[in-house]
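Here is a short report on one structure. It moves from the interface to single residues.

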Amino acid sequence: MNYLDKLENKAIYIFREACSQFKSLGMLWSIGKDSTVLLWLARKAFFGHIPFPLVHIDTSYKLPEMITYRDRLAREYGLDMIVGQNVDALRDRQTFPDGNATRLQCCKALKTEALVNTINGTWPRRRMNHDTGQYEIDRSREPFTGVIVGLRADEEGSRSKERYFSARDNKSRWDVAEQPPEFWNQYKTDFAPGTHVRIHPILDWTELNIWEYIEREKIPTVSLYYNQGQGTRYRSLGCGPCTFPIQSQARGVSEVIAELQTGQLSNIAERSGRAQDKEDGGGLEDLRRGGYM
Amino acid sequence: MQEEILNLVIAGHVDHGKSTIIGRLLADTNTLPEGKLEAVRENCRRTARPFEYAFLLDALKEEQAQGITIDAARTFFKTDLRKYMIIDAPGHIEFLKNMVTGASSAEAALLVIDAAEGVRENSRRHGFMLSFLGIRQICVLVNKMDMVDYRQPVFDAIVAEYRAFLKQLDVEAVGFIPVSGREGDNIVARSARMDWYDGPIVLDQLDAFTPEARPENKPLRMPVQDVYKFTAHGDTRRIVAGRIETGRLRVGEEVVFYPSGKKSTIQSIASMSGETDQREAGSGWSVGFTLSEQIYVRRGEIATHTTCPRPHTASRLRASLFWLGREALQKGKKYLFKLGTARVEMEVERFIRIIDASTLEARALDQVERNDVAECILKLDQLTAFDLAADVPETGRFVIVDNFEISGGGMVLDVVEDRQAAISARAQERNTRWQTAISDEERAERYNQKPCLVLISSQSNNDLRKTAAKSLERKLFSEGKFTYYIGMANILYGLSADLARNGEEVHAEHFRRLAEVANLMLDAGVILVISARHISQRDMEILQADLIDRAADIITVWVGDEITSGLIPHLHIRAAEVDDAPERIKRYLQERGYIFRYRES
């Protein structure tokens with residue numbers, strides 16, 4: 001087994017544990033490279049099937065290519081696709097692009113609150129109707145008790161503190177200091193009513209591992225990650241107003257890998273193009289304690 | 001393709017400098033992402049604090065405020081040879097569960113000891129946990145050598161003390177390195193300030209660790225995770241899925257599932273896109289296969305070959321465990337027991353010993369507190385398949401869930417045989433037949449004491465145990481206690497006269513008879529004193545197994561400077577203190593409530 005095999009097989013094991021132990025399970029799909037690898041791993045774990053819905057939190061500010069890509073893959077793989085959104089904040093224009101909120105306030109409203117209320121079923125969810133290809137209001141409001149998320153420990157400090165199976169209380173809050181232990185491939189699969197567990201199958205993957213795996217498995221990824229001729233590409237995908245492309249000539253996966261290993265990116269943090277991380281000393285950590293992924 | 005990643009944990013007592021050493025490793029090898037170093041320096045500037053290497057890891061605000069590592073932060077790092085994932089295990093006692101989480105996935109460990117402070121409580125506790133978790137490659141870093149002027153005698157003394165501690169755990173460190181994280185001595189570059197040291201520096205030692213080998217030459221063990229039958233898109237496969245923990249499996253082989261004992265033959269190995277031409281898979285692979293005959297197997301069963309040694313199936317087992325739960329582990333309470341993919345209810349039937357992992361001293365046998373280590377008999381509510389940890393660790397280790405949280409971990413030492421269950425049943429029947437008009441309580445009130453067995457042992461080549469035992473009997477007798485001393489010879493030449501003197505079987509039978517004598521004497525209400533040479537933990541187990549309902553009433557005492565039998569006694573009395581033995585044992589009996597003490601008020 002090489003190291004990619006080890007990472008892959010551990011992730012598959014975690015997927016199957018989650019599927020067997022959580023009755024109401026969903027997987028967050030942000031359309032980024034990490035959650036797309038996650039989707040691929042899920043199809044491997046369940047032999048071509050995905051026995052739970054995918055959840056996308058749509059801020060309405062995602063780069064348009066991301067939404068097109070999402071719906072194309074959902075149809076192609078026959079995914080049970082659910083979309084959640086903070087409809088009120090968007091209607092009242094309480095957002096950063098509208099000039100009525102800071103970046104962090106905007107993230108909190110459009111991502112954290114939308115995520116928390118979609119998971120617990122408080123807000124309506126829209127579900128793809130595969131006959132029409134359109135999204136319709138879902139009748140089910142059943143809370144998810146297990147949520148699979150594609151976050152990685154090497155992304156930033158607070159994520160390096162995560163467990164594979166990480167408890168969230170009834171308000172989706174994360175108590176970093178009081179996490180139960182996790183060892184010998186045994187995970188937190190028991191939880192109190194009203195709480196849920198975030199499951200992180202690719203926690204120990206690095207950014208480089210993700211790209212190496214994409215290359216090895218020939219996983220389709222959204223074109224925003226590559227230079228289309230303007231000499232720029234996105235390294236990390238988020239909302240348009242807060243995510244900035246980097247200077248890069250990399251036109252494909254192998255060039256991205258070269259850039260990460262020895263080229264211009266080998267010494268620069270991955271989320272350097274994500275503006276909300278910089279607003280105060282621990283912006284992302286505060287968001288994450290409140291329920292952000 | 002890149003090289004392998006080796007998982008490395010850094011452990012040790014709080015403030016002994018683990019994070020500083022990692023920060024130094026990252027900085028001095030230029031494996032730090034630019035953004036990270038800048039962010040930390042900027043944060044220090046803003047809060048007007050001097051930059052420290054440890055801040056690189058203590059990425060969370062809360063941590064920096066408290067100045068201690070809360071969780072097992074992961075960092076990645078690279079040498080010319082390979083990549084490392086470094087897990088920074090918190091040294092604070094409150095966060096032992098995080099240390100365990102971090103350390104359990106490690107293949108090697110660096111254990112940091114502060115040269116100025118020396119070996120502390122968590123230096124020992126972490127050493128114990130590393131060995132419990134199964135990490136065999138441990139290198140000790142004696143840090144902050146700059147604080148002791150780089151003096152060799154300080155280093156040598158710590159090496160001697162800690163090596164002796166590890167020896168008790170049957171662990172040998174791969175090396176001891178004098179370092180200074182703050183000054184960078186012997187981390188990435190050899191220090192000119194410690195020319196008396198010529199062993200490997202930290203960077204060399206890291207590359208000398210060997211990656212964990214996949215256990216493929218062991219019997220096949222695949223705990224069943226799930227059985228899938230997807231009906232979507234016309235998929236008719238029925239797939240048994242799981243991860244191969246040890247061994248290999250191949251298409252065409254006959255497999256058997258335990259505890260059900262059902263058999264079938266592997267028809268194909270399944271994949272994402274349908275049937276594959278894959279014919280076999282080895283340990284570490286998460287696989288799925290179809291069977292040629294449809295049998296009903298469930299999650300929690302263990303698949304193995306019909307031709308290889310089978311796992312045990314039992315519902316009572318003897319286990320060694322550590323406890324991290326908020327609430328103490330108690331007898332009689334219901335818990336969840338998870339081993340492999342099995343998940344069953346359990347309770348602790350009895351405690352055999354409870355020890356403090358930082359001192360290796362025995363505690364009272366009432367309950368297991370957070371951070372304690374214990375040996376006990378567990379009773380599962382269902383027949384479960386498992387291995388002994390000594391045979392196949394992968395399927396011999398388990399966790400215990402209390403109040404929705406993993407609260408302890410352990411390994412199976414032995415199956416508690418049906419023979420003992422039968423004896424136990426018979427003994428309980430016998431006890432009811434024995435009932436007399438006088439109850440235990442009445443006897444305790446009459447004699448002003450509760451019966452117990454004081455078992456005094458020493459090395460074979462001295463008589464310290466007899467000296468201590470006789471003077472204890474004399475002391476208790478003269479103070480009006482109902483006591484009786486039995487030397488082993490009393491039994492050897494009487495009750496056991498028909499037994500030959502040597503052999504394992506004979507030895508066990510001899511102890512069984514001793515236990516029967518003790519049963520009678522304890523039932524009569526006596527404080528029984530027995531001296532026996534070189535009592536081992538196994539001897540203790542025979543005694544405990546046969547002393548029904550009184551296993552907790554054995555008090556073990558070792559007399560002599562060094563414990564040579566592996567026994568973990570309640571009291572350890574050194575040779576020079578043998579004259580104090582009667583008084584110390586008496587005080588211990590008072591503390592445990594076997595005899596009473598006047599309170600001065």
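## Terms and model

A salt bridge is a side-chain nitrogen of Lys or Arg within 4 Å of a carboxyl oxygen of Asp or Glu. By that definition, two salt bridges are counted between chain B and chain A.

This is a predicted model, in which local features need pLDDT of at least 70 and side-chain atom pairs count only at pLDDT 80 or more, while totals for chains, interfaces and linings use all residues. Residues are numbered from 1 along each chain as its sequence is written, chains are lettered from A and ligands numbered from 1 in the order in which they are written, and side-chain values use heavy atoms, with hydrogens and water left out.

## Interface of chains A and B

One bridge joins A:Glu17 to B:Arg299. Their closest N and O atoms are 3.0 Å apart. By class, the side of chain B that touches chain A has 34 nonpolar, 19 polar and 22 charged residues. Here Ala, Val, Leu, Ile, Met, Phe, Trp, Tyr, Cys and Pro count as nonpolar, Asp, Glu, Lys and Arg as charged, and the others, Gly among them, as polar.

Contact means heavy atoms within 4.5 Å. On that basis, 75 residues of chain B touch 67 residues of chain A. The size of an interface is often given as the accessible area lost when the parts come together. Chains B and A bury about 6,100 Å² between them, a value summed over both parts and taken with a 1.4 Å probe. Carbon and sulfur atoms hold 54% of that buried area.

Polar contacts are also counted across the interface. Such a contact is a pair of N or O atoms within 3.5 Å; within protein, one must be able to donate a hydrogen and the other to accept it, and residues adjacent in sequence count only if both atoms are side-chain atoms. Between chain B and chain A there are 16 residue pairs of this kind, both residues at pLDDT 80 or more.

## Chain B as a whole

Chain B has 14 helices and 27 strands. These are DSSP runs numbered from the N terminus: helices are H or I with at least four residues, strands E with at least two. Of the contacts in chain B with a separation of 6 or more, 70% are between residues 24 or more positions apart.

Chain B has 601 residues, and 56% of them are buried. Buried means under 20% relative accessible area, exposed over 50%, and partly exposed in between (1.4 Å probe, protein chains only). Chain B exposes about 26,500 Å², with 47% supplied by carbon and sulfur atoms. Accessible areas come from the Shrake-Rupley method with a 1.4 Å probe; for residues, only the protein chains shown count as cover.

## Salt bridges

The whole structure holds 51 salt bridges over all chains. In chain A, a network of them links A:Asp5, A:Glu8, A:Lys44, A:Arg216 and A:Glu217.

Now to chain B. B:Glu394 pairs with B:Lys218, with the closest N and O atoms 3.9 Å apart. The two residues are 176 positions apart and link distant parts of the chain. B:Glu394 sits in the loop between β20 (372-386) and β21 (397-402), B:Lys218 in the loop between α7 (202-208) and β7 (222-229). B:Glu394 is partly exposed at 23% relative accessible area, and B:Lys218 is partly exposed at 27%.

B:Glu117 and B:Arg120 meet at 2.7 Å, N to O. B:Glu117 is partly exposed at 40%; B:Arg120 is too, at 34%. B:Lys333 bridges to B:Glu327 at 3.7 Å. Their relative accessible areas are 26% for B:Lys333 and 49% for B:Glu327.

## Local features

Helix α5 (residues 121-133) of chain B contains B:Asn122. B:Asn122 is buried, at 2% relative accessible area. Its side chain makes a polar contact of 3.2 Å with that of B:Arg125.

A cis peptide bond joins B:Tyr258 and B:Pro259, with omega about 10 degrees. B:Pro259 lies in the loop between β10 (254-258) and β11 (262-271) of chain B.

Which backbone angle is positive in B:Asp170, although it is not a glycine? Phi is, at about 65 degrees. B:Asp170 lies in the loop between α6 (152-168) and β6 (175-178) of chain B and is exposed at 66%. A:Lys218 has a positive phi near 55 degrees. Its place is the loop between α6 (207-217) and β9 (232-233) of chain A. A:Lys218 counts as exposed, at 70% relative accessibility.

How values were computed. Buried area is the accessible area (1.4 Å probe) that two parts lose on being put together, summed over both.
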